[in-house]
Amino acid sequence: MEFYELVLNRFSCRKFKDKSVDREKILKCIDAARLAPSACNSQPWRFVVVDDEKLIKEIAEIATKGIYGVINKFLFEVPCIVVVVADKEKFIARLGARITGTQYYLIDIGISSEHFVLQAQELGLGTCFIGYFNERGIKKLLNIPNRYKVPLLIAVGYPDDIYKEEDVIKVKLKSRKSLEEIVSFNKFL
């Protein structure tokens with residue numbers, strides 16, 4: 001698959017088939033993620049793959065409780081959740097953040113996670129980034145130490161048949177700003 005076609009076809013999938021995902025495919029996605037660039041090669045990422053049905057339900061319960069509401073209810077039906085863990089204590093990244101005010105580890109996590117979801121798309125998997133959830137509850141459930149941050153969950157599975165490629169592309173192209181709205185050359189317009 002050509003890169004542009006891959007990017008065009010990747011979407012936020014919120015309805016999955018009732019089919020487990022082979023760990024081999026998940027590991028291939030994580031391998032793609034680990035090859036991402038990072039500030040000072042700090043590689044601040046860790047991944048907790050949750051494919052146990054009972055534990056997925058517990059994560060879904062935590063992720064949708066209280067102020068996190070109904071927005072992520074589809075997590076109860078997901079065959080796999082990848083918990084993205086960030087090491088915010090890497091010295092060089094912390095030093096750079098103090099100087100510039102930029103949290104480089106979060107940029108690194110974003111790049112790495114995008115590598116993950118693009119590899120998943122190539123393998124025929126659907127994904128959805130979840131950024132609004134009870135981080136403290138997830139960390140407690142999975143015994144993640146305080147020095148780490150959990151900025152993202154990635155829902156992973158086989159997209160339900162309701163998603164048709166041409167419809168996904170049509171919606172995506174209609175919902176994105178045009179090039180003219182987002183680009184200028186040599187000065188900001």
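## Pockets

On a 1 Å grid over the protein atoms alone, a pocket is an open set of points where a 1.4 Å probe fits, with protein on both sides within 12 Å along at least five of seven lines, and its lining residues have an atom within 4 Å of a point. This is a predicted model, where local features need pLDDT of at least 70 and side-chain atom pairs count only at pLDDT 80 or more, while totals for chains, interfaces and linings use all residues. Residues are numbered from 1 along each chain as its sequence is written, and side-chain values use heavy atoms, with hydrogens and water left out.

Let's start with the largest pocket, which 16 residues line; Asp18, Lys57, Glu77, Val78 and Pro79 are the ones nearest its centre. Its space comes to about 320 Å³, a volume being the space filled by probe spheres set on the grid points, which are joined across faces, edges and corners. The lining has 9 charged, 6 nonpolar and 1 polar residues. Here Ala, Val, Leu, Ile, Met, Phe, Trp, Tyr, Cys and Pro count as nonpolar, Asp, Glu, Lys and Arg as charged, and the others, Gly among them, as polar.

The second largest pocket holds about 260 Å³. Among its lining residues are Tyr4, Leu8, Lys172 and Ile182. H1, helix H7 (165-175) and helix H8 (179-182) each give two or more residues to this lining, and H1 provides the largest share, with 3 residues. Helices are DSSP runs (H or I, at least four residues), numbered from the N terminus.

## Two helices that meet

Two packed helices are described by the angle between their axes and the distance between the axes. For H2 (residues 23-34) and H5 (residues 104-122), the axes come within 7 Å and cross at roughly 140°. Axes are lines fitted to C-alpha atoms, for helices over the stretch in contact, and angles run from 0 to 180 degrees between N-to-C directions.

On the H2 side, the meeting residues include Ile26, Cys29 and Ile30, while Phe116 and Gln119 are among those from H5. This contact (heavy atoms within 4.5 Å) involves 7 nonpolar, 3 polar and 2 charged residues.

Beyond its neighbours within four places in sequence, Ser113 touches Val84, Phe129, Leu152 and Ile154.

Asp22 sits in the loop between helix H1 (3-9) and H2. With 45% relative accessibility, Asp22 counts as partly exposed.

Note on methods:
Buried means under 20% relative accessible area, exposed over 50%, partly exposed in between (1.4 Å probe, protein chains only).
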